[in-house]
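Please take a moment with the sequence and the model before reading on. The paragraphs below go through sheets, helices and a few single residues in turn.

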Amino acid sequence: MDVQMTDPQMRNMIDELRRLPSETHWLEFKENNANPSMIGKLISALSNSAQLCDQHFAYVIWGIRNTDHEVVGTTFAPSRQMQKGQPLELWLSQRLQPDVAFTFESVNYQGMDVVLLRIPAASNAPVEFDRTAYIRIGSATPRLSDYPDRQRELWAKLQSHAWETGFALQFSGTDTILEKLDYVSYFDFTGQPLPENRDGILNNLIADRLVYQDVGGRWAITNLGAILFAKRLEDFPISIARKAIRFVVYAGDSRADTVKHRKDIQRGYAVGLGEIADYIGDLLPQNEQINGVFREETLLYPSIAIRELIANALIHQDMTISGSGPSVELFRHRLEITNPGLPLVRPDRFIDMPPRSRNAELARLMRRMGLCEEQGTGIDKVITTIELHQLPPPDFRAEGGAVRVKLFAPRRFAEMTTEERNRACYQHASIKYIGGDRMKNSTLCRRFGIDPRNASQASMVIRQALDEGLIKQADSSRPRAGYVPFWA
């Protein structure tokens, strides 16, 4: 990702890079050589080498002599250079696969023009230029395929690379790092005592990959650190700022209706999850229930289900979709929770299949901090809670490049649609099976709140779910053995 740097930051970075040995595999110094094909090969080679060297970025600097790192200035002006009728950056971008968010930045350094090219480390696959991947070995830029050992090592590193390890803020001082992160909440949530000095604080943040030491003793905040513990997400690049949780309340049941409330939660997810759960709880209408002889008011939607579904949306969103983030929308008769990115598991199998998270470190830390259920149990708890409240079944869907979950306001069995009854039957059979039991007519009656004298209504739903292929008999030779989900 492109993290905009100020001129003083660039000058400081160039100072530090000049102190490094010339044979560094992720750094190259040039004077005026700006051959476009050479630059394309260098981007490929240095990006791949940076990943092999556990560096987040590689650099090319024009205006610095390679032999002794003296400042000589350069005539290279990337913003004005054309190649085959196209701007240089566009020409390069079209020939690099996968896409590389490289940036050219010009700065006046010691009174001379210097150009800094920042190249993110390869993240998903080896970076190719004109369909060939390159690597840096000494001062040479050979094809990666000519060095199979390095190629295997690179692929091994790429498989463990994740969005969380990218930088949200780079080359900053200690004060800036601690000003932008709510490190006090980090120690509260992880149950650790707050260290007495900065070194202790930073060492703990490093251990959980929230910050890293950058070039020359400076510091960087990772995407993981920013998304979880930012005091203000909008203080970070737009790719992080747009991941703020958005909450919207509509007057009716359509997005065309009047917006009554709108709020973007600017705190990092560790604090923001509780903040939005409380905010929703304050706005939700109450559902009156009779318990014994007393009337009790409970939230229209169970708070456990709301919190777990929001946590799931945060964990499983596709962070590489930079234009949108998770949203919670409250309509008159339903609540929708949406996260960007298509699911890695079919929505109808959320209930039973082990979750596959795009953001493993984010999920690990949120579970460790008690912000969501242990892996594989969250959706089970949601369904179980919905059944206890005899609400219509939640609807999990993949639509429009996103995952959307809908919770519905209380409705009696007679008011549910056929699709909702079938979905509730399938979810109930799944929960029973996961718990080592079988769904039967009597258990489905309890789930729907059907009087046992009207058990034929549950039998009708079971027949429909069987016809739809959502459930099957647990034992075809024993009709009273009950029913299990189709995947059992």
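In this predicted model, Phe167 stands opposite Thr222 of strand β12. The two residues belong to a pairing between β10 and β12 (residues 219-222), which runs in the antiparallel sense over 3 bridges. These strands are part of an open sheet of 3 strands, ordered β10-β12-β11, with antiparallel pairing. At its edges are β10 (167-172) and β11 (211-213), each of which pairs on one side only. From one strand to the next, the twist of this sheet averages 20°.

Strands of a sheet pair through backbone hydrogen bonds, and the pairing can be parallel or antiparallel. A second open sheet has 4 strands in the order β1-β2-β7-β6, and here the pairing is mixed. Its edge strands are β1 (27-30) and β6 (103-109); each has a single partner strand, so one side of each is left without a neighbour in the sheet. The twist in this sheet averages 20° from one strand to the next. Within the sheet, β2 (residues 57-62) and β7 (residues 112-120) form an antiparallel pair over 6 bridges. One place to look for this pairing is Ile61, which stands opposite Leu116 in β7. Helix α1 (residues 7-18) packs on this sheet and touches β1, β2, β6 and β7. The direction of α1 makes about 90° with that of β6.

Two packed helices are described by the angle between their axes and by the distance between the axes. For helix α11 (residues 303-316) and helix α13 (residues 378-388), the angle is about 150° and the axes are 9 Å apart. Angles over 145 degrees count as roughly antiparallel, and α11 is therefore roughly antiparallel to α13. The crossing of these two helices is left-handed. On the α11 side, the contact is made by Ile304, Ala305, Glu308, Leu309 and Asn312. On the α13 side, Gly378, Ile379, Lys381, Val382, Thr385 and Ile386 take part. The residues of this contact divide into 6 nonpolar, 3 polar and 2 charged.

Helix α11 also packs with helix α10 (residues 269-283), at an angle of about 140° and with the axes 10 Å apart. The crossing of α10 and α11 is right-handed. Helix α10 brings Tyr269, Leu273, Gly274, Ile276, Ala277 and Ile280 to the contact, while α11 brings Ile306, Arg307, Ile310, Ala311 and Leu314. The residues of the contact of α10 with α11 divide into 9 nonpolar, 1 polar and 1 charged.

Side chains of opposite charge can pair when their charged atoms come close. A search of the whole structure finds 32 salt bridges. One of them joins the side chains of Glu361 and Arg364, at 2.8 Å from N to O. Both residues are in helix α12 (residues 360-368), and because they are 3 residues apart there, about one helical turn separates them.

Two details of the backbone remain. Most residues other than glycine have a negative phi, and most peptide bonds are trans. Lys84, which is not a glycine, has a positive phi of about 55°. Lys84 is in the loop between β3 (82-83) and β4 (86-87). The other detail is a cis peptide bond between Gln97 and Pro98, with omega about -10°. Pro98 lies in the loop that runs between β5 (96-97) and β6.

Notes
Residues are numbered from 1 along each chain as its sequence is written. This is a predicted model: local features need pLDDT of at least 70, side-chain atom pairs count only at pLDDT 80 or more; totals for chains, interfaces and linings use all residues. Side-chain values use heavy atoms; hydrogens and water are left out. Two strands pair if DSSP finds at least two bridges between them. Axes are lines fitted to C-alpha atoms, for helices over the stretch in contact, and angles run from 0 to 180 degrees between N-to-C directions. Contact means heavy atoms within 4.5 Å. Angles under 35 degrees count as roughly parallel, over 145 as roughly antiparallel, 65 to 115 as roughly perpendicular and the rest as oblique. A crossing is left-handed if the near helix is turned anticlockwise from the far one by less than a right angle, and right-handed if clockwise. Ala, Val, Leu, Ile, Met, Phe, Trp, Tyr, Cys and Pro count as nonpolar, Asp, Glu, Lys and Arg as charged, and the others, Gly among them, as polar. A salt bridge is a side-chain nitrogen of Lys or Arg within 4 Å of a carboxyl oxygen of Asp or Glu.
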